[in-house]
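Here is a briefing on the nonpolar cores of a protein chain and on the strands beside them. Look at the sequence and the fold before reading on.

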Amino acid sequence: MRDNRTMPAVPWRHHQRRHFVSGRNFGATLVAAASLVLSATPVWAATTTLGIAGARFTLNGRPAFLYGISYYGGLGAPTNLVSRDLEDLQRSGFNWLRVWATWSGFSNDVAAVDALGNGREPYLTRLKQLVADCDRRGLVVDVTLSRGDGRNGSPALPTFAAHQQAVSTLVAALKPWHNWYLDLANERNIRDARFASIAEISQLVTRAHTLDPELRVTASHGGDLNREELAEYLLTARVDFIAPHRPRDAGSAAQTEARTREYLAWMQTLGRVVPVHYQEPMRRGYADWNPGTDDFATDLRGAIAGGAAGWCFHNGSQRTGKRELPRRSFDLRNLRLFAQLDAVERQAIAQMQPVAVSAAGAEK
């Protein structure tokens, strides 16, 4: 079992301890110190532990509603801008973020793994740094893999062997921390470069759980699930929670509560109940219809009322904009996320904060 003991979220320097040793222990201390320096494993205890209890997520053993934000290209952002974004998202009530380990967009490849699934620097190190920083802040990190980028058609992990290796690479690199989960394959059901079969997802789940039995894993689904698809995720692939990406049209927000209740009712009949996590709902800039402030709030409230365990404030590039600007979380090289959000998004975040905080409080 993972250690659920918590530590205060304090700066890095406060985790460094000074030890004074006698002369007779000096040699042994040098050997131990050298081992720590050479080891990739941090010497501090993990602060934040993500868990699951039935249909709910838990943080450090307590039920928690995950209220998050898309941060896809975060591995390409300068460290100082990441810190400012993390401060803003915490002030706004968010307690998790979604970053991709296979992100490449706008001629900027910031993937943490290469086409063979091996680590790719400096981005794998940046991913570890981001997860470690979020751990100290009490934040959860969604780490997402994709077989392909879907829109541009160039596969990021072109073979199943590469996909398996990518899972192994990420689990090994991030094993010291317990505040993250793995989306094995973004929208794995879409029949393009993203596609990964349920049989493949089952093998990936087994691999991830073998390497780290306490790691929470899923495979996100493009669109709503039918009962047969839900059964495949729960009983064949054995994911730890489901992550359906709901439709993005003007009527979808009003349907979220009923859809969530339907999923949970189906789970009861199937004999396995897991969290329903909306990690990628509607966003602005995606299509002709752009959600307004009330649409975001309605979707969030519907998710909470229906019994969902988490919801994400999704954001991305403005497809109809010049050079697709603002690109928001899709490109964080030069501008941080909160500097790229438009007025409607800022207003929506302000309006949703008390809703999310109330949901989190109701879980305690």
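Two strands pair if DSSP finds at least two bridges between them. Helices (H or I, at least four residues) and strands (E, at least two) are DSSP runs, numbered from the N terminus. The model is predicted: local features need pLDDT of at least 70, side-chain atom pairs count only at pLDDT 80 or more, and totals for chains, interfaces and linings use all residues. Residues are numbered from 1 along each chain as its sequence is written, and side-chain values use heavy atoms, with hydrogens and water left out.

**Strand S12**
- S12 spans residues 310-313 and pairs in the parallel sense with S11 (residues 277-278) over two bridges.
- Within S12, Gly310 is the bridge partner of His277.
- From S11 the chain crosses through helix H8 (residues 293-306) to S12 in a right-handed β-α-β crossover (clockwise from the first strand over the helix to the second, with the strands pointing away from the viewer).
- S4 (residues 66-70) also pairs with S12 in the parallel sense, over four bridges.
- Cys312 of S12 is the bridge partner of Gly68.
- Gly310 and Cys312 on one side of S12, and Trp311 and Phe313 on the other, are all buried (under 20% relative accessible area, 1.4 Å probe, protein chains only).

**Nonpolar cores**
- A nonpolar core is a set of buried Ala, Val, Leu, Ile, Met, Phe, Trp, Tyr and Cys residues joined through side-chain atoms within 4.5 Å.
- The largest has 90 residues; Leu97 and Trp311 are among those touching the most other members.
- Helix H4 (residues 160-174) gives this core its largest share, eight residues.
- A second, separate core of eleven residues includes Leu66 and Cys312.

Notes. Buried < 20%, exposed > 50% of the residue type's maximum accessible area, 1.4 Å probe, protein only.
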